[in-house]
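Me: I am new to this structure and would like to go through it by question and answer. Where should we begin?

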Amino acid sequence: MRIVSGIQPTGNLHLGNYLGAIRNWVKMQDAAAAAGDDCLFFLADLHAITVYNDPAALASNIRQMAAALIACGIDPAKSILFRQAMVPAHAELCWLLNGTARIGWLNRMTQFKEKSGKNREGASVGLFAYPVLQAADVLLYNATHVPVGDDQKQHLELARDIAIKFNADYGVELFTLPDPYIGATAARIMSLRDGTAKMSKSDPSDMSRINLTDDADTVLQKVRKAKTDPEPLPSEPAGLEGRPEAKNLVGIFAALSDGTSEQVLARFAGQGFGAFKPALAELMVETLGPIKARLDDLGRDPAALDVILANGAERAAAIAKPTLTAAYAALGLAK
Ligand code: ATP
Ligand code: MG
């Protein structure tokens, strides 16, 4: 089994990014390592340029994301961690697959419709062809399993269609058809100031989120000031309906302790936030403290990060090479 997954580089990472995305990668990695499977994780920096990004900000986000992944537990000894832009085979195979992918198929992609909105004519060609690059990302490595959220299922189907058509058109059995990988369900973390809004790096209020770089005092203060209601905690999750802030804090506690809301409420039923908040803050600091310490270490030694990413790119390129070579050859472009 080979798992391949990419994530767009973002900076200013917060607890929502950790519990909703990064932690799932770490779980996937550890399950794969135990089973003897391969994991390739990449920063989708080529996907990031399908919309305008300030180049200096993008470069900084790439480094922050790479550091955060490592700090959160992606272990270069267990997984191959790399940047897409450092493995040119992604862009090359994407171009080769552009000859096979059909405009009609891409026209059906709902994500492009959403992202381009009413300004379809003004969207970049890259945004339209985004799923072809995604197909290249996984077909290049003969990925058998690709973790996908609901929004990405259609793109994985497209990757399969491209693989099937390429194999059939050129009479080869080159590309493996990837299947979706259903891992742990991702938590959805809401703002500390408004339980109906997602915790997000773009929220103007820093008090709305816990950043991975927050120190223990800041975490304590943010949790203390988090919006709540005056009621004590109920004994069942049903009692949290209509109480979005309470529901969010219980959900965060559950996610951090790898348990369920039922378990959290079994422990705190009848207690007020005066008791619950310090316990929650302590749990956050327990989880985030070591992550922040590793982030600080990586920040002090940027060369170490470069070495990890260069090694990852080299290992990924070695796996990609035979597939890319065979794809050129299948097309009559043997080199
Ligand atoms: P923006 O406000 O710019 O959209 P963001 O804070 O939502 O930023 P993204 O860069 O969009 O962060 O997301 C990176 C990853 O983190 C994605 O996989 C996304 O699903 C996940 N993620 C972001 N916010 C949350 C959240 N509040 N809860 C769970 N997962 C989240
Ligand atoms: Mg977002």
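Reply: This is a predicted model. We can begin with a tryptophan: Trp 95 lies in helix α4.

Me: Is Trp 95 buried, partly exposed or exposed?
Reply: Trp 95 has 13 other C-beta atoms within 10 Å. A residue counts as buried at 20 or more such atoms and as exposed at 12 or fewer. The count for Trp 95 falls in between, so the residue is partly exposed.

Me: How many Å apart in space are Trp 95 and Gly 259, C-alpha to C-alpha?
Reply: Along the sequence, Trp 95 and Gly 259 are 164 residues apart. In space, the separation from C-alpha to C-alpha is 45 Å.

Me: How many of the 15 residues of α7 are buried?
Reply: The helix α7 is mostly covered. Its buried residues include Ala 129, Tyr 130, Pro 131 and Val 132. Elements that cover them include β1, α2, α4, α5, β4 and α8. The number of buried residues in α7 is 11.

Me: Is Ala 135 buried or exposed?
Reply: Ala 135 is found in helix α7. It has 28 C-beta neighbours inside 10 Å. The cut-off for a buried residue is 20 or more, so Ala 135 counts as buried.

Me: With which residues is Ala 135 in contact, leaving aside its neighbours within four places in sequence?
Reply: Cys 94 is 41 residues from Ala 135 in sequence, with 7.5 Å between their C-alpha atoms. Contact is judged on C-beta atoms, which must lie within 7 Å. The residues in contact with Ala 135, with those neighbours left aside, are Leu 97, Leu 158, Ala 159 and Ile 162.

Me: What is the phi of Asn 142?
Reply: Asn 142 sits in the loop between α7 and β4. It is partly exposed, with 19 other C-beta atoms within 10 Å. Most residues other than glycine have a negative phi. Asn 142 has a positive value, near 50 degrees.

Me: In β3, what is the bridge partner of Leu 43?
Reply: Strand β2, residues 38-43, also runs parallel to β3, and 4 bridges join the two. The bridge partner of Leu 43 in β3 is Arg 83.

Me: Which residues of β3 are buried on each side?
Reply: In a regular strand the side chains alternate between the two faces of the sheet. Strand β3, residues 80-83, is covered on both faces. On one side the buried residues are Ile 80 and Phe 82, and on the other they are Leu 81 and Arg 83.

Me: What do the buried residues of α10 pack against?
Reply: Helix α10, residues 244-256, has end C-alpha atoms 18 Å apart, which agrees with the 18 Å its 13 residues should span. It is mostly covered, with 10 of its 13 residues buried. Among them are Leu 249, Val 250, Ile 252 and Phe 253. The buried residues of α10 pack against α1, α11 and α12.

Me: Is Asp 258 buried or exposed?
Reply: Asp 258 is found in the loop between α10 and α11. Its phi is positive, near 55 degrees. With 10 other C-beta atoms within 10 Å, and 12 or fewer being the cut-off, Asp 258 is exposed.

Me: How many residues of the shell around ligand 1 are nonpolar, polar and charged?
Reply: There are 13 residues around ligand 1. Those that come nearest are Thr 10, Gly 16, Gly 20, Ala 21 and Ser 202. By class, the shell has 4 nonpolar, 6 polar and 3 charged residues.

Conventions
Residues are numbered from 1 along each chain as its sequence is written. Chains are lettered from A and ligands numbered from 1 in the order in which they are written. This is a predicted model: local features need pLDDT of at least 70, side-chain atom pairs count only at pLDDT 80 or more; totals for chains, interfaces and linings use all residues. A residue is near a molecule or strand if its C-beta atom, placed from the backbone, lies within 6 Å of it. Ala, Val, Leu, Ile, Met, Phe, Trp, Tyr, Cys and Pro count as nonpolar, Asp, Glu, Lys and Arg as charged, and the others, Gly among them, as polar. Two strands pair if DSSP finds at least two bridges between them. Two residues are in contact if their C-beta atoms, placed from the backbone, lie within 7 Å. The expected span of a helix is 1.5 Å times one less than its number of residues.
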